[in-house]
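Visitor: I'd like to learn how to read strand pairing and packing in a model like this one. Could you walk me through it?

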Amino acid sequence: MIQVESLFKISYGLYIVSSGNEQVKNGFISNTVFQITSEPVFFAASCSKNNYTTELINNTGYFSVSVLSQQASNEIIGRFGYKSGKDINKFEGVKYKIGSTGVPVVLDDTIAYFEFKVVQTIYMGTHNVFICELIHAEVIDNNTEVLTYDYYRKVKKGVAPKNAPTYIDKSKFASNNNKTQSDYYKCPVCGYIYDPEKGDPNSGIKPGTSFEDIPDTWMCPVCGIAKSEFIKID
């Protein structure tokens with residue numbers, strides 16, 4: 001038996017992993033970046049094989065990690081965590097710089113950043129684990145708390161994207177209790193709740209429209225997250 005809640009007791013940070021160059025660049029939200037040795041300083045980072053950024057890391061051999069602040073905006077989390085770089089330019093309108101290794105570094109809502117060189121790749125089913133050497137590191141803000149995954153879940157009420165190593169498909173662990181589910185759906189980034197009785201008039205969704213009947217192109221009216229990312233409220 002696996003009690004799903006036990007997995008949430010592991011401590012994680014929340015970061016933006018980026019790679020590419022000035023012309024072609026992308027990044028994604030990650031909660032699995034961690035130090036594994038101190039002399040020399042080596043880290044490990046887990047990245048979904050489906051992530052566009054993973055392709056860029058494979059091509060360049062380098063990537064950056066931006067440590068997010070506790071006050072990180074829902075917009076920055078939504079942009080890098082729930083949208084695909086194959087569909088949009090995630091860096092448009094975002095403050096960033098090109099680091100010493102030639103890869104982009106997100107500076108918005110960032111309190112520190114690292115630049116890494118990949119020295120080994122371990123293939124683990126749905127994810128690549130990059131073993132990497134620390135090349136450059138810098139603190140931007142010493143006075144702001146880091147954003148942890150625990151804080152993200154409990155205070156910001158967020159959930160892991162489907163490509164995250166920690167994403168849990170709760171249907172696989174569902175109990176036999178016959179619970180009645182509501183028709184309300186919640187945005188995992190900003191917490192907006194779709195109420196079928198109210199609809200979303202600003203988007204042309206009339207009151208009385210069930211979530212299932214909303215067009216698949218509909219997005220969260222607050223932060224722009226895709227309909228497919230919404231979670232049903234039990």
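Visitor: Which residue is the bridge partner of S18 in β2?

Guide: Strands of a sheet pair through backbone hydrogen bonds, either parallel or antiparallel. In this predicted model, S18 has G27 as its bridge partner in β2. Strand β1 (residues 15-20) pairs with β2 in the antiparallel sense, over six bridges.

Visitor: In what order do the seven strands of the open sheet run?

Guide: The order is β2-β1-β5-β8-β9-β4-β3, with antiparallel pairing. At the edges stand β2 (25-30) and β3 (33-38); each has a single partner strand, so one side of each is left without a neighbour in the sheet. On average, neighbouring strands here are turned by 35° against each other, direction ignored.

Visitor: Which strands does α3 lie across?

Guide: Helix α3 lies across β1 and β2, and runs at about 105° to β2. Helix α2 (residues 52-60) also lies across β1 and β2, as well as β4, β5, β8 and β9, and runs at about 50° to β1.

Visitor: Let's zoom in on α3. Is F80 buried or exposed?

Guide: F80, found in helix α3 (residues 74-82), has a relative accessible area of 1%, so this residue counts as buried, the cut-off being under 20%. Beyond its neighbours within four places in sequence, F80 is in contact with residues including I16, G27, F28 and I29. G27 is also the bridge partner of S18.

Visitor: And how many strands form the open sheet that contains β10?

Guide: Three, in the order β11-β10-β12, with antiparallel pairing. Strand β10 (residues 185-186) and β12 pair over two bridges, and K186 has I231 as its bridge partner in β12.

Terms used: Residues are numbered from 1 along each chain as its sequence is written. This is a predicted model: local features need pLDDT of at least 70, side-chain atom pairs count only at pLDDT 80 or more; totals for chains, interfaces and linings use all residues. Side-chain values use heavy atoms; hydrogens and water are left out. Helices (H or I, at least four residues) and strands (E, at least two) are DSSP runs, numbered from the N terminus. Buried means under 20% relative accessible area, exposed over 50%, partly exposed in between (1.4 Å probe, protein chains only). Contact means heavy atoms within 4.5 Å. Two strands pair if DSSP finds at least two bridges between them. Axes are lines fitted to C-alpha atoms, for helices over the stretch in contact, and angles run from 0 to 180 degrees between N-to-C directions.
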